[in-house]
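This report describes selected residues of one protein model. The sequence and coordinates follow.

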Amino acid sequence: MQSDPVFGDSIKTATPKYVTVDNDNEKLPYQKMEFGRAKCAIFFPLYVDNVYIGYWIIEGSQPHEFDKVDTTILEVVRNNIVTILRTVENQATIENIVRDDLYSGLKSAEYLYGAGKKIIDKHATSAICIFKVVNLTQINTEISRKTGDNIISNISNFVKNSLSNEYIFVRYMGPKFAIVFSGTEVGGVNNFMKELKQGIESIKIESASDYKGEKTYVSPKIRVAISTYYKGTSLDGALKKVEEYIELSDEDTISTL
């Protein structure tokens, strides 16, 4: 249909095209059959970032049926169709860039917004948690980078072994990790995170082979913040607030937003 000359200018100029017949014995220009059921149509070309991706067409069964239709409302619908297509495209992009982190063995943060969100949104509310290894930069600088990598690996394994399978655990960014306790209230997570924090901070890691000084041992220190995510709201926005709170806080404790 889009290759029919009657719609050529519409596609080139990104404007709707209205076509109609005058009586039931005629057919619309794009119809190839001798008898066409539609007697009028409005053709809307669809564009994403100025690239033509297809069309939306509304057909009527009576000649001149859409003569007095307010196309402003239809333009809004057309724009919503484009928004949906753009969202689907963006979602596919996010899901395709999910990777496994080298040192933690965990999924990257993008997992939360694709496959992970489908699991999370099975529940009306979930507790979301971000914890930051506040002394990771110090360990990397004063001891060695490999020692810091070993810290990340040990923390990841410890937390994975402590979590139920229905909860989602990812490496959020750098020294930060995120846990989503699907379907769990914040109050029920607090005590668990206190115990988890104690367990993580009891980990002792021997300095790695790239450390030039005498053998030493280091332990991670973490800062924790917990909040509530409500289905239908922005998961990314909720996590950003928790992340911002951790960055502004000087306390290496557990905070509830």
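Is Ile-53 buried, partly exposed or exposed? Ile-53 is partly exposed, because its relative accessible area is 43%, where buried denotes under 20%, exposed over 50% and partly exposed the range in between (1.4 Å probe, protein chains only).

## Basis of the model

The model is predicted: local features need pLDDT of at least 70 and side-chain atom pairs count only at pLDDT 80 or more, whereas totals for chains, interfaces and linings use all residues. Residues are numbered from 1 along each chain as its sequence is written, and side-chain values use heavy atoms, with hydrogens and water left out.

## Ile-53 and the nonpolar patch

Ile-53 lies in strand 3 (residues 51-60); strands are DSSP runs of E with at least two residues, and helices are runs of H or I with at least four, numbered from the N terminus. Together with Val-51 and Leu-85, Ile-53 forms a nonpolar surface patch with about 240 Å² of accessible area. Such patches join nonpolar side chains within 5 Å, from residues with over 30% relative accessible area and no salt bridge (a side-chain nitrogen of Lys or Arg within 4 Å of a carboxyl oxygen of Asp or Glu). Areas come from the Shrake-Rupley method with a 1.4 Å probe.

## Asp-4

Asp-4 is located in the segment before helix 1 (8-13) and counts as buried, at 10% relative accessibility. The Asp-4 side chain reaches the backbone nitrogen of Val-6 at 3.0 Å. Apart from neighbours within four places in sequence, Asp-4 contacts Pro-29, Tyr-30 and Lys-32 (heavy atoms within 4.5 Å).

## Ser-164

Ser-164 occupies the loop between helix 5 (145-162) and strand 6 (168-173). With a relative accessible area of 36%, Ser-164 is partly exposed.

Methods:
A polar contact is a pair of N or O atoms within 3.5 Å; within protein, one must be able to donate a hydrogen and the other to accept it, and residues adjacent in sequence count only if both atoms are side-chain atoms. Patches are made of residues with over 30% relative accessible area and no salt bridge: like charges are joined within 9 Å, nonpolar side chains (Val, Leu, Ile, Met, Phe, Trp, Tyr) within 5 Å.
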